[in-house]
Amino acid sequence: MFAKTLKDDKLKKWKEGVFMGIEERNWENLATHPSLRNPAPRPRLDYWTDYLNDSHVERHTKAYHTNPFVGVHAHKFLEYLRKAETRGKGRKLLYAKSVSVVQSSGTGKSRLLMEVGKQIFTLPICLRGEGEPGYPPPDLPVVRYFAAIPKDNDLSISAEAKIACFLSAAHSVMLFYLRSLQALHNFDGQQLLAHWHGLIESESDIPNYRSEFFEEVVRLANNLKERATVAINPGTSPKRQSIPPGYISAKPSRRCYDDIVGDSTKNLMDFLSSLGQDMAVMYFDEAQNLDVLFWVILRLVHNQPLSANMWYTFMGTKSHITYYSPRPANMLSLRLRNEVEELLLPYIALGFDQQVIAKKKAPAEVVSMADLRTIEHLCQYGRPMWSALLPEVEEGELVALAALKLTCANPSGFDPRNKDHVFAVLSQRLCLDAVLTGSEAVELADRSITHHMRLLTGFSTRSEHFYTHSPSEPVLALGSAELLYESHYNLGFALKTLASDLCSGGLVEKGTWGELAARTLLLIARDVSHLAQARWKYLLQPLPLFDLLKNLFGHNNWMFPYEVEFSKAFGNAHVNFTHWMVTRDPMPECPNMHFLANLWARGAALQCCPNQVSIDFVIPLYIGSVTGTDRFDPLCLSAIAGQVKFKEAADKQAGFAIRPIGIPRDRHEPLPYLALLLELGNDSNYRESKSKILSTPSEPVTEALYSTLVDRWEAATALAKVAESGISQGEINNIRWEMDRYNRYSVFIRGASAETYGILKTMGIEKEFATLLQMTTPLPDSEDREIQHMLPLNRLVSESGYTEWMLDYGWEKDDQDVVMRGPY
């Protein structure tokens, strides 16, 4: 019946695909048939196409920019500039008082500078293209002025002169307006700053104030340009490809600055200094529209004296990272070969997790299960855009917007054969990282930041390399899930692209332990229960542990013959993860209850660091009622402690070595935990079960036994520190092993085929999965607290930005009743 709907040319290809599938067992041609590969887009994509073309964008982004600012990032940004200003006093080390603010979409670049304008005088300029949606709207007089300047030669002296005229005019008109406002209202410095910010940065009570300001600037710039053309007498500017021998671009640039810009800048800064202001900032939003004029501006303001503390800031999302942070070899147009000056590295430490971090100042929060499964709750994690948009955008629209952002608003939606799309979408759920040594991988990472929501987290010395990361953002994880399962074929093609183009192509870093494959298996088993429309709503619901394992294996026989024991222990256990996080630090033996509580609340499972002893991952388990009105009780949390092996020989000790590391255990009544071993490289059967799955229940537990073991362990540990106590480490380890075995249930699995993992057959991804038994882990070593917020749980360090987002959810029992020792 389906074939009858196809036209002749497509019907022929359809028949060829069927024939090849039957005769050669190769179904790829059929799977890639156009009628299957590109299903009709859902109505929500059509909605967002309309959304991008009307006033919704401006209304929603306006709400984002006008919501209260949360965090100290504006103060940190000014500290960054002042630190650069004082560096190397008496010797000019900076090429210019210029800095680029670079980060992916929604991290608050524009909002940061708007907040900076409350502390110092700023002059904002938005170069958004005429007619483009977004907020703030373009400053059209300036946009048109710069559009009229040719962008075909970064050594153009006439372009430099026109920009010099604009800068001079902007400083002069700003000075005139400020003096007029001060005289009219008799303002002091702080009053004038607040009034100016209200007029130029925010919605002004005076209609068109900002537009009229820039019209005046452009009028003056055009007048200066007519006079300056003769004074500078540029003649024919040199071309980049044919620079005359001995030509020094700094000479005409110096003359241009001194003749046109110098006095106006000095006059403005002298006036601001009289008000007690030590700094001012002119910033260009959507600076990518400057193109090569960006370099012309830098060369021009390079001539600004050290005494003039006017800073020039550039922001733009959709432009190459290396454009704003060039390698030294690419900077010859800016400076002389013998100079030691350098551009200030881009500022990247913008807001992340600040909504939930701000809650730490409040008392311990008591929440219900229903509270934790709302979009409003999840929006407090990640970039500030989500929480700011939520009042203006319905929940389903917000998830659709997240999906749209991951594909850079591609009108055709998610393309599972597109490396950029696949890297963006899978990174949000599986924690992928790129190899940053090859040029293709660098370009992939660059595009992932500028177009696909990945974060920029650092630069190497002298900007030879930059580092990226896709941290835990629950809203983006939900958007990613929507895209992966929008078509029945998306998942398989996405995994094939990951394996063939990203992993095999050397674009994603490879490991040897199979953690990436394990993460993929468990995540898909979590997803498969919710493949209906609006699946994001179902992913907000906790999933019974038995459903997860049934999806994973394709049956419930994994418990045989201990169905009664496992059902008694985990019949009311649930998982709640929608994505993975990765940490670089070893897990503490016994963290406090906040650790698992915050993983659950964030909807995350944790991949441990490569050198972690005993376990490779932790998935929180909630053992108790998860109905909406029930209180979320951290004391009901246990976990799956997982180990992954990828060796041909069976590892008979690995499963028994799995310990409840990272799982707080009540001294009197420790909850059961599940030890899960995935031996992906070995296909043999377990001798005990005569199958590839070996399940073992806990030995019977008795009242007070665990408390007695803890007492013995603590006493032995204390005695071992005393000389000649006679207590050996072996004795201590034996007691520890008895503690670990208490209420411990285990499931050991061998193999990596659909015979073991039925989920592979269910989803039709056996072949794609076979190439994913590799993983990636490296991350930059960054100590900046603001950047640490972008890497939640990357390091398990007390009082650090990595863990600052974690809240106190409270519990009723006394702390002494819980066996816990940890930094959180």
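Tutor: Accessible areas here come from the Shrake-Rupley method with a 1.4 Å probe. On that basis the protein, a predicted model, exposes about 34,500 Å², with carbon and sulfur atoms supplying 52% of that area. Of its 824 residues, 57% are buried, and the chain has 34 helices and 17 strands.

Now the salt bridges. Side chains of opposite charge can pair when their charged atoms come close. With a side-chain nitrogen of Lys or Arg required within 4 Å of a carboxyl oxygen of Asp or Glu, the count is 26 salt bridges.

One of them joins aspartate 278 to arginine 82, at 3.1 Å from N to O. Aspartate 278 sits in the loop between helix H12 and strand S3, and arginine 82 in helix H6, so this pair ties together parts 196 residues apart in sequence. Aspartate 278 is partly exposed at 40% relative accessible area, and arginine 82 is partly exposed at 32%.

Another pairs glutamate 679 with arginine 750, again with an N to O distance of 3.1 Å. Their positions in strands S14 and S16 are 71 residues apart in sequence, and both residues are buried.

A local case is aspartate 258 with arginine 254, whose closest N and O atoms are 3.7 Å apart. Both belong to helix H12, 4 residues apart, which is about one helical turn.

Finally, Arg111, Glu115 and Lys118 form a network of salt bridges. Arg111 and Glu115 are among the buried residues of H7; 8 of the 8 residues in that helix are buried, so H7 is largely enclosed by the rest of the structure.

Notes
Residues are numbered from 1 along each chain as its sequence is written. This is a predicted model: local features need pLDDT of at least 70, side-chain atom pairs count only at pLDDT 80 or more; totals for chains, interfaces and linings use all residues. Side-chain values use heavy atoms; hydrogens and water are left out. Helices (H or I, at least four residues) and strands (E, at least two) are DSSP runs, numbered from the N terminus. Buried means under 20% relative accessible area, exposed over 50%, partly exposed in between (1.4 Å probe, protein chains only).
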